[in-house]
Amino acid sequence: RVIFSDGVRNRVEAEVLLQLARAVQPADPAWNDFVVASIVDFSVWGSRPTGYVDAAMAEWLIAILSEGGATALTRRIARAIVAEAQDVDPRLADFARPWWRPNLAWLRWPAAVEQRTWAPA
C-alpha cells in the first residue's frame with residue numbers, strides 16, 4: 001500500500017499489483033479490497049474518456065485478468081469495473097458475467113412477436 005499510495009497510475013503498475021495479488025496466497029481480504037479498488041479506479045477513472053471502458057482498455061483488462069486463468073479475484077475486479085463504469089465494452093461485460101449465469105438474451109422473443117395480439121380463431 002505504501003508503494004501504491006498515490007494509486008495505480010499506468011498499466012504497468014496495474015499489472016504489477018495484480019501479479020502481487022496472485023503471488024501472495026492466502027491474501028488478506030483487506031488487500032484484495034485494495035487491489036480491486038485500485039484497478040477499478042485506474043481503468044474507469046484514470047484514463048480517457050473517464051467513466052467509460054473502451055475496446056482497447058477492455059482488451060487489455062481481459063488479457064491481464066485472465067492471465068493464468070480467471071480467479072475469483074479477477075472476476076470480482078471485472079464485475080466491479082462493470083458496476084462502476086457508465087459504459088463498458090461488451091467483451092468485458094461477458095468476461096465479468098459469472099460462468100453459471102450465461103447470457104440468455106437469445107431466448108427472448110423478438111419485439112414484433114411480443115407486440116402481436118393473438119385472437120382466437
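A: H2 crosses H4 in a right-handed way (the near helix is turned clockwise from the far one by less than a right angle). Helices here are DSSP runs of H or I with at least four residues, strands are E runs of at least two, and both are numbered from the N terminus. This is a predicted model, where local features need pLDDT of at least 70 and side-chain atom pairs count only at 80 or more, while totals for chains, interfaces and linings use all residues. Numbering starts from 1 along each chain, and side-chain values use heavy atoms, without hydrogens or water.

Q: At what angle do H2 and H4 pack?

A: Two packed helices are described by the angle between their axes and the distance between the axes. Here H2 (residues 29-45) and H4 (residues 72-84) pack at about 45°, with axes 9 Å apart.

Q: Which residues does Ile 77 touch?

A: Leaving out residues up to four places away in sequence, Ile 77 touches Leu 18, Val 35, Val 36, Ile 39, Val 40 and Leu 65 (heavy atoms within 4.5 Å).

Q: Where are the cis peptide bonds at Pro 26 and Pro 49?

A: Most peptide bonds are trans. The Gln 25 to Pro 26 bond is cis, omega about -5°, and Pro 26 sits in the loop between H1 (11-23) and H2. The Arg 48 to Pro 49 bond is also cis, with omega near -10°; Pro 49 is in the loop between H2 and strand S1 (52-53).

Conventions:
Axes are lines fitted to C-alpha atoms, for helices over the stretch in contact, and angles run from 0 to 180 degrees between N-to-C directions.
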